[in-house]
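Me: I'd like to learn how to read helix packing and ligand contacts. Can you walk me through it?

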Amino acid sequence: MKLADLIIENAAQVLTLKAAKNAAAAEEKLGIISEGAVVIADSRIAWAGPSSEISSEADLSRNPRRIDASGKVVLPGFIDSHTHLVFAGTREKEFELRLQGASYQEIAAQGGGIKSTVQKTRQAGKEELFAAGKRRLDQMLSLGTTTVEAKSGYGLYTQDEIKMLEVIRELDHSHAVNVIPTFMGAHEIPPEYAGRKEDYVRLVIEEMIPAVAENKLAAFCDVFCEQGVFSPEESRRVLEAGKRCGLEAKIHADELTSLGGAELAAEVGAVSADHLLFASDRGMEEMAEKGVVAVLLPGTAFFLFLGRYAPARKMMERGVAVALASDFNPGSCMTQSLPLITTIACTQMRLTPAEAILGITLHAARALKREKDLGSLEPGKQADLVILDIPDYRHLSYHFGINHVWKVIKKGGIAWEK
Ligand code: NIG
Ligand code: FE
């Protein structure tokens, strides 16, 4: 018998994501239990199975709260494995300029883009950044997200990068949503280093990374490997320096041009390579070989109307685990909705709804190295769940543009409800 603090029962479907042995098809990997139930004790999943077995499985001595999920779908809390959560100011003017024909790179070259957000973020105090971050996390939670990765990279000056990471830490400590920090000092070359990129790379390597690591402010180190930003060689140096200080590698790779970012991710043993619209066949094969997770961000391709998407099916055929994330940021993707991202992934990259759910749960947990604790409803894992008011999991992607979230359970407690 399993002790119970909370029982969710009678769900039309419980998606445990506990794959049947040798499950090949994504649908089998969802581990669907019809008329399912989940038992939670001490903030952890204690059991998941058919509702009809609760009386023989659950110890009711703690007088557990019971939630009737009739006609609804229960699944792991969504994990957004790539966001730029903390920033000041917004860039709706650039959105309009892009609609009139300017490209993301042209706007950046004219001092807009990342640099304009850097200017505002440098001017902002921690309280302002925290308040904006909190509001954004509230919105994410209401859309079913229970864990978020958040990058620095709008400071580009040691003290401002640290300021951003301290805000990220405070958000993690004070909000129901878990926030996992990534240092991204190599997001852009700040204006005061124009024409002196090598000096900036050295600042990132010699000053920022050690300071961030010493204060345990980040788990990952990320770099924007892109034409006009950081070359593969510069990116490799930054990521190797991060690794020496205990920060695991992530890369913004092959987003706008084919630069060998996927190959670099494999070479440095990155946890994930992200974007990958222009990833080469060889790069994908090497990622598969090294177990690098592909974090695909189709919302960005959609919002920048790039006219192409990452070759997700090719990656999956080669055995690369595909995660999906929002890339939430004020320039290239201003949305926090992972359900919307799944719809774009299905319609534009031909993922199945089941593959899309894997992408925002189990594979996203892998992209953050948290798969032992998050991403599925298996006994022992943290009790982070979403209950959707839909009769079948496919409606999450199929019935798009509205919020189906009915309740969000975080660490065994109700964190948000309709
Ligand atoms: O992932 N590619 C670089 N960084 C972000 C965009 C950040 C911004 O435009 O402010 C991205 O798309
Ligand atoms: Fe990004």
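Me: Is the crossing of helix 7 and helix 8 left-handed or right-handed?

Reply: A crossing is left-handed if the near helix is turned anticlockwise from the far one by less than a right angle, and right-handed if clockwise. Helices here are DSSP runs (H or I, at least four residues), numbered from the N terminus. In this case, helix 7 and helix 8 cross in the right-handed sense. Before we go on: this is a predicted model, where local features need pLDDT of at least 70 and side-chain atom pairs count only at pLDDT 80 or more, while totals for chains, interfaces and linings use all residues. Residues are numbered from 1 along each chain as written, chains are lettered from A and ligands numbered from 1 in written order, and side-chain values use heavy atoms, leaving out hydrogens and water.

Me: Which residues of helix 7 and helix 8 make the contact?

Reply: Contact means heavy atoms within 4.5 Å. Helix 7 brings Thr-158, Glu-161, Ile-162 and Leu-165, and helix 8 brings Leu-203, Glu-207, Met-208, Ala-211 and Val-212.

Me: What about ligand 1: which residues are the closest?

Reply: A residue counts if one of its heavy atoms lies within 4 Å. Ligand 1 has 15 residues around it, the closest being Arg-91, Tyr-104, Tyr-154, His-187 and Ser-332.

Me: Where do polar side-chain atoms of Tyr-104 and Ser-332 lie?

Reply: For polar contacts with a ligand, look for a pair of N or O atoms within 3.5 Å. Tyr-104 has a polar side-chain atom 2.5 Å from an oxygen atom of ligand 1, and for Ser-332 the distance to a ligand 1 oxygen atom is 2.6 Å. His-84 has a side-chain N or O atom 3.4 Å from an oxygen atom of ligand 1.

Definitions and conventions
A polar contact is a pair of N or O atoms within 3.5 Å; within protein, one must be able to donate a hydrogen and the other to accept it, and residues adjacent in sequence count only if both atoms are side-chain atoms. Helices (H or I, at least four residues) and strands (E, at least two) are DSSP runs, numbered from the N terminus.
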